[in-house]
2 protein chains.
Amino acid sequence: MITPVAPARTASVGTVETRYLDLAEPAQLDCGRKLGPIRVAYETYGALSPERDNVILVCHALSGDAHAAGLAKEPSGESTRDGFGAADRDGTAGRGLGWWDGMIGPGKAFDTDRYFVIATNLLGGCRGSTGPSSIDPATGRPYGADFPVITVADMVRTQRAFLDALGIERLAAVAGGSLGGMQALEWAVLFPEQVDAVVVIASTHALHPQGLAWNAIARDAIMRDPAWQGGHYYGTGRAPDGGMGVGRMVGHVTYLSAPALDDKFGRRLQFADDVRYTITEPEFEVENYLRHQADSFVRRFDANTYLYLSRALTYFDLGRQYGGGSLVRALEGMSARTLLIAFSSDWLYPPSASEEIEDALRTLGKPVEFHLIEAPYGHDCFLLEEARQTPIIRQFLAHDRAGSRRRGKRPS
Amino acid sequence: MITPVAPARTASVGTVETRYLDLAEPAQLDCGRKLGPIRVAYETYGALSPERDNVILVCHALSGDAHAAGLAKEPSGESTRDGFGAADRDGTAGRGLGWWDGMIGPGKAFDTDRYFVIATNLLGGCRGSTGPSSIDPATGRPYGADFPVITVADMVRTQRAFLDALGIERLAAVAGGSLGGMQALEWAVLFPEQVDAVVVIASTHALHPQGLAWNAIARDAIMRDPAWQGGHYYGTGRAPDGGMGVGRMVGHVTYLSAPALDDKFGRRLQFADDVRYTITEPEFEVENYLRHQADSFVRRFDANTYLYLSRALTYFDLGRQYGGGSLVRALEGMSARTLLIAFSSDWLYPPSASEEIEDALRTLGKPVEFHLIEAPYGHDCFLLEEARQTPIIRQFLAHDRAGSRRRGKRPS
């Protein structure tokens with residue numbers, strides 16, 4: 001199943017434009033509060049079939065946006081692919097290229113010759129959809145920390161309302177990596193009759209405690225920055241860039257594997273052949289790289305959105321939410337075919353979590369495939385290993401329901 | 001070799017007092033600067049033999065001090081064991097108990113019935129030895145960021161000058177974990193004729209790039225805190241507690257293993273059976289634990305010392321320093337018997353680094369033993385796994401030189 005072929009970036013969806021849709025009804029959130037109005041930023045690729053039965057919803061991870069494929073009509077000057085770990089570290093991403101451009105397009109994993117692919121910016125986001133940096137109609141000022149605490153289920157119900165507004169009832173598939181994979185699973189559980197298949201990549205049914213810890217540290221780094229100002233920094237001329245930079249560096253290291261860092265940087269010094277005896281300046285290449293990543297991230301991302309999405313992904317726990325602690329019970333009502341992909345070197349979302357989902361679905365007799373891809377780049381593989389994911393995803397989507405029950409190949 | 005017996009905390013060295021010694025000569029540092037006067041805080045346990053041939057120098061890790069064993073005469077109110085990862089997480093450490101009390105004492109690994117054990121606070125420290133928080137005689141104010149950048153070799157040369165002042169020429173052994181193990185190795189390379197044996201635990205000859213990254217993040221967290229004030233925060237009423245707390249949390253997670261966090265906390269919620277929908281407050285037990293660790297650390301540790309010692313341990317690279325890039329060449333002059341201990345779950349100082357040292361010494365025909373201990377607690381094992389380390393260390397120290405060449409047992 002693992003074929004070392006070149007990425008299938010054979011064709012592009014071309015130039016695309018992010019559009020916006022305002023939902024008519026306020027949302028009833030898990031936390032008990034109502035939120036509205038809600039705006040959803042989105043892009044679409046490919047053509048909707050007359051039967052409206054070829055829709056794939058693609059869900060982004062913590063730092064992504066609606067620009068999943070193609071070239072942005074008005075490039076922000078910085079590739080959104082930079083939003084994800086080290087995905088752009090080899091300079092392969094062009095300016096304004098969508099974060100999953102290698103996976104979405106004619107002949108690609110999510111084939112726009114066949115499917116109508118939709119990507120939205122999440123509820124709570126900072127790239128066009130309503131989030132903490134949006135104006136609170138009650139005050140006329142940005143919500144800031146008054147934005148309600150949201151969950152992955154809230155994000156998914158917002159996507160449901162958005163698709164209703166577009167007149168789309170059923171989804172041929174929901175797909176995503178990391179937090180995006182959580183949304184796909186949440187879709188399958190919340191709306192079992194409306195999702196034919198889910199593609200869950202480098203994700204989990206509940207983040208493990210070390211993952212909770214990394215997220216808590218990143219959030220604390222933001223909140224301990226005095227410029228955060230209790231979450232009401234908008235319009236003050238100050239933002240918690242220092243703290244968010246630190247949080248981003250933590251995240252960045254967790255997205256990569258230790259061997260990937262060895263391979264990329266080793267202990268190479270930044271300048272000359274010897275150390276310069278400095279505390280404040282980078283000495284090693286990896287130190288300089290992390291600072292660059294932090295600086296580039298704070299220029300394009302809102303710290304409060306980071307806090308809210310990070311909190312949402314730590315809350316996500318299908319067993320707790322729907323099964324009284326049991327994952328099997330939580331998935332009982334699922335009917336979508338499930339494709340799980342994990343990467344051997346991903347220690348933030350380790351393959352064991354995907355195995356647990358597979359085991360639960362298999363116990364329930366539900367159709368599931370799990371593919372473990374041996375790859376060295378850590379969690380970021382879901383953005384980098386396009387060539388190996390593509391045949392797996394294409395084959396899975398092409399399958400009829402009956403044929404899908406066979407077990408996917410799992411390297412031992 | 002691995003025997004699951006109870007810790008050998010059979011007896012204590014009793015109540016001890018930290019003493020101080022001022023070195024007569026300023027130190028010539030690797031960075032080119034001179035530093036003086038230098039004060040060294042130290043403790044001793046056991047009795048010096050008339051031949052002065054039973055001295056073991058114990059070196060501490062990043063956040064330790066000279067109080068390695070026994071009960072502090074004037075307890076600071078907080079165990080110094082808290083300085084190391086989660087060593088006190090089970091409440092086993094009493095108030096004011098030394099950070100390696102389980103390893104130093106009558107009948108223990110470093111047996112004070114036989115050896116005269118000396119522990120010093122490192123150059124650059126904040127627990128009595130000269131460091132960034134000490135008064136710069138040139139200005140009458142604390143050095144702050146004007147303190148010279150130091151290396152592990154500088155620390156070791158300071159220890160050498162300190163022992164000279166005590167009238168101690170030779171060391172029966174130098175021992176330490178983590179940064180302490182680096183000092184032991186540096187001793188063996190810098191002063192081959194003056195060290196009979198080194199005990200290097202959970203350490204390395206050069207930190208791997210991911211380790212460089214974690215250290216860079218912790219330092220950046222401190223330096224991005226506005227209260228750091230370019231390193232001159234003393235006497236201003238403000239200190240970079242927020243940033244150092246974040247750095248400490250990062251360190252803390254790297255000292256533990258993911259399974260240890262699973263085991264200790266799981267995804268247990270802090271209050272009640274459900275989430276409370278809060279961004280600012282801890283929801284999961286592991287979140288609360290990390291905050292507690294951060295708060296307790298900032299109360300007792302100086303941020304600049306953290307910066308300087310962290311920088312020193314990232315610089316440490318025996319191959320670069322002494323071998324033109326070759327570890328084998330760097331160790332050519334060593335004559336001390338070497339005991340290496342690593343822990344299977346330690347991903348910050350992984351066993352592979354100890355193996356590389358073993359391989360280099362074996363290539364050179366030098367006496368070396370390597371023991372890999374299967375234990376789940378990560379890097380903190382060197383403070384927690386006293387029972388398993390004790391027989392290995394006692395046997396190693398008791399060995400004659402000839403008998404030591406046999407290979408230590410290594411679980412496959």
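Predicted model: local features only at pLDDT ≥ 70, side-chain atom pairs only at ≥ 80, totals over all residues.

Colleague: Fine. Which residues does UniProt list for "active site"?

Modeller: The UniProt record, an unreviewed entry, lists Ser178(A), Asp346(A) and His379(A). They span 202 residues in sequence, but no two of their C-alpha atoms are more than 10.7 Å apart, so they gather at one spot.

Colleague: Where is Asp346(A) found?

Modeller: Asp346(A) is in the chain A loop between strand S15 (337-343) and helix H10 (351-363). Its side chain reaches the backbone nitrogen of Leu348(A) at 3.1 Å. Beyond four places in sequence, Asp346(A) touches Ala202(A), Pro351(A), Gly378(A) and His379(A).

Colleague: Buried or exposed?

Modeller: Asp346(A) has 2% relative accessibility, and the cut-off for buried is under 20%, so Asp346(A) counts as buried.

Colleague: And Ser178(A), where does that sit?

Modeller: In the loop between strand S13 (173-177) and helix H2 (179-190) of chain A. Ser178(A) counts as buried too, at 8% relative accessibility. Its contacts beyond four places in sequence include His379(A), Tyr349(A) and Phe382(A).

Colleague: Switching to pockets. What volume does the largest pocket have?

Modeller: About 610 Å³. The lining of the largest pocket has 27 residues, with Ala258(A), Pro259(A), Trp347(A), Gln210(B) and Trp347(B) nearest its centre. Helix H5 (258-265) of chain A gives two or more residues to that lining, as do helices H3 (209-223), H5 (258-265) and H10 (351-363) of chain B.

Colleague: How many of the lining residues are charged?

Modeller: 4, alongside 14 nonpolar and 9 polar.

Methods: Residues numbered from 1 in each chain as written. Chains lettered and ligands numbered in written order. Heavy atoms only, no water. UniProt positions renumbered as here; feature names shortened; annotations may be inferred. Helix = DSSP H or I, 4+ residues; strand = E, 2+ residues; numbered from the N terminus. Buried < 20%, exposed > 50% of the residue type's maximum accessible area, 1.4 Å probe, protein only. Contact = heavy atoms within 4.5 Å. Polar contact = N/O pair within 3.5 Å; in protein donor to acceptor, adjacent residues only side chain to side chain. 1 Å grid on protein atoms, 1.4 Å probe; cavity = no way out; pocket = protein on both sides within 12 Å on 5 of 7 lines; lining within 4 Å. Points joined across faces, edges and corners; volume = space filled by probe spheres on them. Nonpolar A, V, L, I, M, F, W, Y, C, P; charged D, E, K, R; others polar.
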